[in-house]
Amino acid sequence: MIRTVTQRTLTPLQKVFVRTLAIILAIISSMLIMLCLKLNPFTVYAKLIVGSLGSAYRFRETVNKAIPLTMLSLGTCIAFKMKFWNIGAEGQFYMGAFGATWMVFLFPTLPKALLLILMAISAFVFAALYALIPATLKIKWGTSETLVTLMLNYVAQKWVGYLQYGPWRDPAGNGFPRIARFSQNAILPKVFGIHIGWIITLVIAVLLFYMIRRTKFGYEISVIGESRETARYAGINVNLTVILAIALSGGICGLAGMMQASAIENSLTDNMSNGLGFTSVITTWLSALNPLVMVFVSFLFSMLLQGGSFLQSSMQIPASMAEILQGIIIFFVLGSEFFVRYKFVMVKKAKSDSRVTEEGKKC
């Protein structure tokens with residue numbers, strides 16, 4: 001019989017080798033698929049790179065996609081570290097954007113610095129409170145956070161759509177359902193041609209890495225993720241830690257929404273995320289819950305997203321080809337995690353005692 005057992009013998013270097021091999025196999029497999037479609041894989045990969053990094057404009061667009069994706073991944077990471085499966089980054093993103101937009105409409109004449117700070121605080125609070133809904137239900141009644149956070153994504157998006165088509169509809173939109181654009185004092189400033197969100201994202205990534213690895217709160221989150229019973233035995237207030245961690249998780253996702261609304265959309269729309277909240281679940285897992293690695297992985301995925309659009313225009317290849325590449329990479333990398341954590345062993349079937357068998361025959 002073949003059974004799986006926990007893998008305890010791999011060294012850190014061997015784990016890196018397994019994951020690297022998975023990426024190489026993913027690239028080879030994607031090349032085979034391209035050959036089946038009568039495409040030159042080297043040309044396709046070259047176009048992906050050119051389409052995402054080939055000019056200053058394309059590089060900026062790639063970074064603009066990487067900023068919210070990284071922020072959403074960082075927020076998701078905190079919950080996942082605690083084995084609280086927060087699939088609601090998309091909804092928290094929209095609630096953060098809603099909170100920021102509300103401040104713009106309430107205080108349109110505030111100085112830029114003050115208004116941006118108020119927008120960030122509002123975005124964090126609204127998204128954190130939204131994330132606490134599934135956390136509270138989980139603590140009180142043991143509901144599935146996966147299902148609740150997933151459904152709340154659509155509630156948040158429909159709420160923004162209601163505002164866009166209803167109370168916040170711009171009278172000057174010439175019949176087009178849109179929310180009024182932000183004034184200049186509500187737009188994030190740029191640094192080296194890219195909005196300042198990229199600096200904020202890097203700072204948050206470093207702070208989260210430090211928090212998880214070096215602080216008591218980060219240690220408590222990790223212990224709860226391993227075993228809640230162990231955490232209680234160690235004297236950790238599990239419910240309070242879960243509440244604080246999920247609030248932080250949702251709040252960071254809300255900041256991503258604030259950045260997107262302020263710096264990219266300059267308004268609030270019901271399609272501003274383009275599914276990045278769901279993509280962040282993938283990048284979080286591929287990063288092995290390491291905030292610093294998430295910056296790199298999110299940038300690579302943003303290259304695929306931006307390069308996929310370029311493929312469509314330059315080679316008449318559907319943009320879904322980039323999604324196929326993403327799927328192959330995910331399949332192999334997640335598959336490699338199985339071999340990092342487990343291994344197959346052969347177990348011989350127990351033989352019956354010959355004496356018992358003989359006695360049975362005599363009877």
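Which residues make a nonpolar surface patch of about 660 Å²? Phe 17, Leu 21, Ile 24, Leu 25, Ile 28, Leu 32 and Leu 35 make this patch. The model is predicted, with local features needing pLDDT of at least 70 and side-chain atom pairs counting only at pLDDT 80 or more, whereas totals for chains, interfaces and linings use all residues. Residues are numbered from 1 along each chain as its sequence is written, and side-chain values use heavy atoms, leaving out hydrogens and water.

**Surface patch**
- Patch residues have over 30% relative accessible area and no salt bridge, and nonpolar side chains are joined within 5 Å.
- One of the patch residues, Leu 32, lies in helix 1 (residues 12–36).

**Helix 3 with helix 10**
- The axes of helix 3 (residues 56–81) and helix 10 (residues 238–265) come within 7 Å and cross at roughly 170°, which makes the two helices roughly antiparallel (an angle over 145 degrees).
- The contact (heavy atoms within 4.5 Å) includes Asn 64, Ile 67 and Pro 68 of helix 3 and Ala 245, Ile 246 and Leu 248 of helix 10.
- Its residues divide into 16 nonpolar, five polar and no charged, with Gly counted among the polar ones.

**Helix 12 with helix 13**
- Helix 12 (residues 291–314) and helix 13 (residues 320–341) pack at an angle of about 150° with their axes 8 Å apart, and are therefore roughly antiparallel to each other.
- Phe 301, Leu 304, Leu 305, Gly 308 and Leu 311 of helix 12 meet Met 321, Ala 322, Leu 325, Gln 326, Ile 329 and Ile 330 of helix 13.

Terms used: Axes fitted to C-alpha atoms, helices over the stretch in contact; angles between N-to-C directions. Helix = DSSP H or I, 4+ residues; strand = E, 2+ residues; numbered from the N terminus. Parallel < 35°, antiparallel > 145°, perpendicular 65-115°, else oblique. Patch = residues over 30% accessible without salt bridge, like charges linked within 9 Å, V, L, I, M, F, W, Y side chains within 5 Å. Areas by Shrake-Rupley, 256 points an atom, 1.4 Å probe, with all protein chains shown as cover. Salt bridge = Lys/Arg side-chain N within 4 Å of Asp/Glu carboxyl O.
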